[in-house]
Amino acid sequence: MYLYNSLTHKKELFQPIQPGQVKMYTCGPTVYHYAHIGNLRTYIMEDVLEKALNYLGYPVKRVMNITDVGHLSSDADTGEDKMLKGARREHKTVMEIAQFYTDAFFADCEKLNIKRPDIVQPATGCVNDYIKIISTLMDKGYAYFAGGNVYFDTSKLEKYYVFNDHDQEDLAVGVREGVEEDPNKRNKNDFVLWFTKSKFEDQALKWDSPWGVGYPGWHIECSGISMKYLGEDLDIHCGGIDNAFPHHTNEIAQSESYLGHKWCNYWFHVHHLNTDDGKMSKSKGEFLTVSLLEQKGYDPLAYRLFCLQSHYRRNLVFSWENLDNAAGAYEKLIAKIAALTSDGEPDQAALEKLKERFVSALNADLNTSLAVTAVYDALKAPVSDATKLAALADFDQVLSLDLLKKAEALRNNQTQEAVSADPEIDGLVAARTTAKKAKDFAEADRIRDQLKAMGVELTDTPQGTKWRRV
Ligand code: AMP
Ligand code: ZN
């Protein structure tokens, strides 16, 4: 498999350190709010990467942190802890909101068929691991104590800025909000490993340490958690492109200074989901969530398809129109699969041929849009339905679009609808649609109430109004 490596700035043949197991680390969410669908684009593409590696014969062990401490509202170590801000907003404790938004994150992941990593570790659970690394960095002269905090001294490195092919825009995003000068820093890029002094005295979570009672910086948690579960070297480290600097740059600086050797071979960065008016951001307050998509009648897997249709190294622009197109394509795809008959045995030779296209799409730097095209190619191929179904089941191990499951559900629904078709109800639903189109909302509401009284519930979807008896 060829993968683009942000560290070397080129596509490289992927070779794991140990052939039997790929060690993969993922920066997890900061759990002070719901994940937005931009965050989830990153997790969808990382999920596809993990599944593609497994599919191609490289079994993966994957670790993810949950950031529940130390991520300040500016990535340049200034501002308030995001978790504290979130707790105050909701009049809850930091641990309460951490639990709530961690659960919400995994509920969203489940709806999007994102597999839970093998190990999920909240940052607050590994403070002793960070203290051990920071102590060694102090002993080796890579860290210094100033103004109550411990800083990493970037001037001690031959090369600090390793991901130097990102454009100015990405760098600006990396630094994010409100950068303030910290007079304790010896060099502009130095970063905090351990805080005891913060402008915000009400920091709720604190631990004892050789440098006083305080809390870890954000970057050290990923180095500590990765090494705790995956050891001293790592095959792939993943994250959104905004994490490349300063977060991943700092992870490399402290990990390699601590270990005394190279730490991670491949860096996989997913580019951003943007809206027409810019980057989607949790801290802006208003953002799109999976629940919102559902409320508007979208199947979360239509969003997954939307993400798969574009390459992970391109920015993706979200608009309702674009999502409508993906939702329409998903519905048509499922309908096509539902029309296949499963009689007979698949033709193994033909199946292997169909798989070849799919495999070469994955091998080409995880080209998911070509992998989706391979699904359509299989449907069009001059092979038996059983062979088509076998190919789709095989591809769906990576794509996770529930292709066969949804097709089966559609077939069952169609049978049910055929039995329960009702011209009177269909007529009323059509009359309501006409009223809505004419902006006669009073009439539309009246018809909805009339149907409700008849025990019929309506759901408006981008593909039209659906009804069912309740
Ligand atoms: P956070 O919860 O802010 O720590 O971010 C979780 C993940 O989402 C990180 O890997 C980020 O790099 C990524 N991310 C943040 N914003 C976006 C976006 N607009 N599009 C794609 N990924 C994003
Ligand atoms: Zn991280």
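# A guided tour from helix H7

Begin by selecting Pro-246, which lies in helix H7; helices here are DSSP runs of H or I of at least four residues, strands are DSSP runs of E of at least two, and both are numbered from the N terminus. The peptide bond that leads from Phe-245 into Pro-246 is cis, with omega near 0°.

The model is predicted, so local features are reported only at a pLDDT of at least 70 and side-chain atom pairs only at pLDDT 80 or more, whereas totals for chains, interfaces and linings use all residues. Residues are numbered from 1 along each chain as its sequence is written, chains are lettered from A and ligands numbered from 1 in the order in which they are written, and side-chain values use heavy atoms, with hydrogens and water left out.

**Confidence**

Colour the chain by pLDDT, the predictor's confidence in each residue on a scale from 0 to 100. The chain averages 90, and 91% of the residues score at least 70. Next, select residues 170–178, where pLDDT stays under 50. For this stretch the model has 26 contacts beyond four places in sequence, a contact being heavy atoms within 4.5 Å.

**The zinc site**

Select the zinc ion (ligand 2) and display Cys-27, Cys-222 and His-247. The ion is coordinated by SG of Cys-27, SG of Cys-222 and NE2 of His-247, at 2.0 to 2.2 Å. Donors are N, O and S atoms within 2.8 Å of the metal (3.2 Å for Na, K and Ca); water is not among the atoms, so sites may look incomplete. Along the chain, the donors follow the spacing C-x194-C-x24-H. Cys-222 belongs to helix H6 (residues 218–230) and His-247 to helix H7 (residues 244–259), so this pair ties together parts that are 25 residues apart in sequence.

Buried or exposed: how does Cys-222 score? Cys-222 is buried, at 0% relative accessible area, and His-247 is buried at 1%. Buried means under 20% relative accessible area, exposed means over 50%, and partly exposed lies in between (1.4 Å probe, protein chains only).

**The sheet and its helices**

Now select strands E6 to E9. These four strands form an open antiparallel sheet in the order E6-E7-E8-E9; two strands pair if DSSP finds at least two bridges between them. Strand E6 (143–146) and strand E9 (215–216) stand at the edges with a single partner strand each, so one side of each has no neighbour in the sheet. Strand E7 (residues 149–152) and strand E8 (residues 191–195) run antiparallel and are joined by three bridges. Show Phe-152 to find Phe-191 of E8 opposite.

Proceed to Ser-209, in the loop between E8 and E9. Ser-209 is buried, at 11% relative accessible area. Leaving aside neighbours within four places in sequence, Ser-209 is in contact with Ile-131 and Trp-194.

**Salt bridges**

The structure holds 25 salt bridges, each a side-chain nitrogen of Lys or Arg within 4 Å of a carboxyl oxygen of Asp or Glu. Select Asp-47, whose side chain meets that of Lys-51 in a salt bridge (2.9 Å, N to O). Both lie in helix H1 (residues 37–55), four residues apart, about one turn of the helix. Asp-47 also forms a salt bridge with Arg-304, with the closest N and O atoms 2.9 Å apart. This second pair links distant parts of the chain, from helix H1 to Arg-304 in helix H9 (residues 300–308), 257 residues away. Both Asp-47 and Arg-304 are buried.

Move to Asp-365 and Arg-313, whose salt bridge has its closest N and O atoms 3.0 Å apart. Asp-365 lies in the loop between helix H11 (348–363) and helix H12 (368–380), and Arg-313 in the loop between H9 and strand E14 (316–317), so the pair ties together parts 52 residues apart in sequence. Asp-365 counts as buried at 1% relative accessibility, whereas Arg-313 is partly exposed at 26%. Then select Glu-46, Glu-50, Arg-62, Lys-115 and Asp-118, which salt bridges with shared partners join into one network.

**Last stop: the loop between H13 and H14**

Select Ser-400, in the loop between helix H13 (385–399) and helix H14 (403–420). Phi of Ser-400 is near 50°, a positive value in a residue other than glycine. Asp-402 is found in the loop between H13 and H14, and its phi is near 55°. Ser-400 counts as buried at 9% relative accessibility, and Asp-402 is buried at 18%.
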